[in-house]
Amino acid sequence: MRYTFSIILLFACVIVHSQSGRIIGKIVDTTNAALDHASVIVLDQADSSMLYFAQSDKQGNFSIDQVSSGKYLLQLSYTGFLQYWKKIEVHKDEELQLGNIILQTQNYLLPVMEIKGEHSPIKFGRDTVEYNASSFKTQSGDVVEDLLKKLPGIEVDRDGSVKAYGEKVQNVLVDGKEFFGKDTKIATKNLEADAVDKVQVFDKKSDQAAFTGVDDGREEKTINLQLKEDKKNGYFGNANGGAGTKERYSAKANLNRFSAGSRFSFIGTANNINEQGFSIQEYIDFMGGIGAFMSGGGGRVKIELNDNSGIPLQGSGQVAGIQNSTAGGINYSKDLSEKTELTGSFFHNSFNNTLSDQVYRQNINVNSIFNTSEDKQQYSKSNSQSINLYLKHKLDSTQNLIFRLNGSRSDLKLDNALHSSTFETANSLINENRSNYHLEGNNDQINASLSWLKKLGKPGRSLVSRLSGKWQNNQRDGRLMSQTYYYLFSNIPDSILQRQDLNDKAMNYEGSISYTEPLGRKKYTEFNYMHSNFRHQTKNDYFDITDNQIEFKNDLLSKAYESNYSYNSAGFNFLINKKKYHFTAGMKLQYSSLNGTLQNVSGNAITKDYRTVLPAVFGEYQLGPAHHINFDYQTTLQEPSIEQLQPTTNNSDPLNTYKGNPDLNPEYIHELNATYFLYDQFNFTSLFASLNASYTQDRITEIVDIDSAFRRVIQPVNVPFDKSIRAGIDFSTPIRPLKINARIRLASGISSGILYVNEEKNEITRLKHNLNFSLENRNKDILDLLVGWKYSDNKTNYSISTINNQQFNETALYADFTLTAIHKFTLKSNFEYHSYRSSFFKENLVVPLWEISISRFFLKDNKLKLQLKIFDVLNENKGIRRTSQLNYIQEEHSNVLGRYAMLQIGYAIRGFSSGKKNGIEINLER
């Protein structure tokens with residue numbers, strides 16, 4: 001491969017010197033002073049698409065090399081000056097010298113030049129990277145997610161989450177306003193790409209920093225979707241529906257009505273093809289809490305939405321099982337006055353999943369391996385409603401009030417049938433469990449906060465206070481039937497027929513105050529104090545049911561406890577806010593205490609006190625335009641929960657007994673993140689590098705004792721450390737002679753910790769390496785093509801039980817293309833070819849996944865769309881997941897969507913009071 005790449009580079013150099021020219025010039029103002037960092041854009045005269053881009057240096061000079069022969073349109077721009085336009089022609093092997101080009105100030109009375117539809121692709125501000133959406137080609141009907149996938153530095157994962165420059169995006173705003181709360185996927189999966197004018201990526205400052213102007217380093221990676229001007233006064237949206245083979249259906253609609261002072265949005269969706277244009281976090285949180293509640297081996301519940309824990313081979317981000325989902329919501333934003341703005345939303349979810357799951361697991365003992373198989377049939381259904389409210393009121397020029405409220409209610413039903421078996425060898429059955437579990441429950445919660453921000457006269461001097469509270473009530477009612485056989489001892493099963501009730505209530509509050517004092521020369525000091533309290537009441541009642549359906553409370557299993565965690569912290573920060581760099585260093589003293597009680601337990605009081613010092617350092621340095629480095633170091637204390645501390649044993653599951661540990665210490669966590677970013681505007685080359693490291697003292701893990709019947713006793717314990725480090729690099733650059741863009745992403749990580757099996761201490765080391773290389777064409781008017789190759793390798797090594805060392809790797813080829821060669825027709829194809837190998841599994845897995853669609857557009861502006869889509873053309877989609885964890889590896893087979901065809905029809909809704917033409921217009925008025 002190395003020699004192949006060298007040949008390609010040599011061939012590219014030959015083409016460069018034989019078929020390209022060069023453009024040089026100097027940009028000055030009317031006094032002949034050089035203008036540095038002026039934008040230089042070369043566009044195609046035929047379709048106004050951007051082809052080349054550069055910026056002037058400190059002397060005002062610019063140079064664009066490797067320009068193909070042809071006729072172009074030259075655009076020069078600089079803040080505060082009129083744009084300059086000129087038609088040029090470049091010949092091969094020649095240098096086009098433009099000499100000094102004078103830009104006129106905006107108040108200079110020359111013929112007025114009106115420019116519409118600029119195609120400058122990326123602009124860099126002090127804190128913001130701005131993408132011009134029109135420079136990145138999308139198709140009619142594409143949503144914002146499709147646009148984001150084309151932007152340099154932006155990644156869209158299979159589950160729809162977005163990363164910008166290696167960091168997870170936590171907010172997606174629309175014209176600077178929240179859109180359905182902080183659910184980022186609602187905006188990216190429902191708003192159409194054609195409505196977006198600019199995509200702005202920045203670190204959203206805290207309310208305090210935004211108000212006072214003093215950067216405190218507390219930021220969230222944020223994307224703002226700036227809509228086109230002609231979309232801000234009228235209504236727009238899309239509606240589509242389709243039906244397919246195997247009774248598949250899909251329907252989706254969104255409508256947005258914007259005016260000068262208000263915005264209204266509606267979205268709705270219904271389908272049974274495992275597509276989600278919304279978040280199901282309430283459902284996942286609810287399901288995740290069930291595992292600790294269910295007993296008797298009855299009802300292992302598993303929800304997977306991403307590939308972080310293994311290699312998902314069902315493809316295209318499809319979740320295991322067959323899902324039906326409906327959802328709808330409204331979002332409203334209005335400026336009530338010049339001082340008051342309001343944003344609110346309401347959303348409803350209905351979601352059900354029919355899952356058939358088979359698991360084959362190899363469990364790791366000290367120097368041996370035993371196997372477990374599971375066959376699960378599960379049906380789950382969830383309904384939830386959520387509300388979000390944001391109100392900001394400007395009391396006067398020196399103080400603001402900010403109020404936030406969000407609440408939700410969710411209801412869940414679950415039926416789970418499980419058959420599990422444990423084997424010492426292939427034909428040696430040790431134990432077996434059969435269980436059925438039915439659950440119904442609901443979860444209600446409300447969060448509210450009020451912030452008061454006050455400027456105290458002197459610039460930089462401020463006082464900020466915040467009060468917040470949370471109430472939560474979680475109720476579940478379950479019924480379990482379970483039989484467990486131990487074939488080494490008896491053929492008589494342990495039987496459980498049981499009703500289980502859970503009532504879990506939480507009431508939390510927090511108050512904080514912060515004072516900032518300027519020290520001069522952009523230096524500040526901040527003093528802060530915080531008090532919080534987390535009160536938690538849990539009651540678990542177990543009722544054994546006789547053959548006559550008479551219930552008796554099981555006092556040995558039934559538990560009720562109350563915990564009260566309180567925190568007090570006081571700290572200070574020293575801040576420097578210079579033009580080129582920001583720096584924050586500080587620490588806080590934290591005192592936390594736990595007062596817990598357990599009913600019906602001798603020595604029922606649990607009291608713990610923790611005192612600690614938590615330092616933090618943050619820094620950002622601007623090396624130049626689109627060239628900066630960041631680092632962030634912080635420490636946290638993670639206290640053990642009362643469930644982990646309680647001195648009791650839960651043996652309700654015959655195969656898995658859980659014991660608490662009142663001697664647990666809290667985890668002290670150190671985290672370091674550093675990033676480096678460089679974007680060369682002269683040749684579109686970008687480089688992003690990141691380093692992430694963590695070290696945890698007194699890490700809480702679990703010790704597992706396994707007896708001769710392979711029954712497990714699990715107990716949380718502290719181990720001295722857990723550490724990890726991960727480094728990544730993302731490099732992209734155009735290869736102009738070949739008219740393609742190349743991108744390579746490399747990531748490597750190593751982590752180590754301690755695992756106990758039967759009190760045998762093993763130090764575990766895990767290595768993970770990833771490589772992703774892709775090529776895509778630059779001119780996307782007719783063909784948009786992306787091809788790539790991915791490789792990942794994972795190794796796990798044990799210090800003592802070396803027989804259990806593991807290794808697995810995945811190789812994937814992928815290709816996406818969109819063809820628009822024929823007028824009004826669009827052909828799309830997505831193909832992935834996965835090959836998976838593992839040291840613990842004999843069979844290598846190969847899964848080809850192919851999806852294809854053809855669309856025909858009708859009416860003016862392609863408002864009507866007819867599409868035929870075929871999913872899994874080769875009928876090879878497999879719901880297979882291979883997972884490697886510290887003490888087991890497993891292969892999981894789940895039912896997934898197979899091949900189906902669907903015919904869809906969609907209509908773009910438009911209604912504006914004014915509009916703009918597409919492309920670029922240059923109007924000279926004399």
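Guide: In this predicted model, the side chains of D194 and K228 meet in a salt bridge, with N and O 3.4 Å apart. The two partners come from distant parts of the chain, 34 residues apart. D194 belongs to the loop between α3 (184-190) and β16 (196-205), while K228 belongs to the loop between β17 (219-227) and β18 (234-244). D194 has a relative accessibility of 37% and so counts as partly exposed. K228 is also partly exposed, at 24%.

A second pair is formed by K376 and D357, whose closest N and O atoms are 3.9 Å apart. The cut-off for buried is under 20% relative accessible area. K376 counts as buried because its relative accessibility is 2%, and D357 is buried with a relative accessible area of 1%.

E432 and R434 make a further salt bridge through their side chains, at 3.5 Å from N to O. Here the partners fall on either side of the cut-off: E432, at 10% relative accessibility, counts as buried, whereas R434, at 45%, counts as partly exposed.

As background, side chains of opposite charge can pair when their charged atoms come close. The structure holds 23 salt bridges, among them the pairs D194 and K228, K376 and D357, and E432 and R434.

Terms used
Residues are numbered from 1 along each chain as its sequence is written. This is a predicted model: local features need pLDDT of at least 70, side-chain atom pairs count only at pLDDT 80 or more; totals for chains, interfaces and linings use all residues. Side-chain values use heavy atoms; hydrogens and water are left out. A salt bridge is a side-chain nitrogen of Lys or Arg within 4 Å of a carboxyl oxygen of Asp or Glu. Helices (H or I, at least four residues) and strands (E, at least two) are DSSP runs, numbered from the N terminus. Buried means under 20% relative accessible area, exposed over 50%, partly exposed in between (1.4 Å probe, protein chains only).
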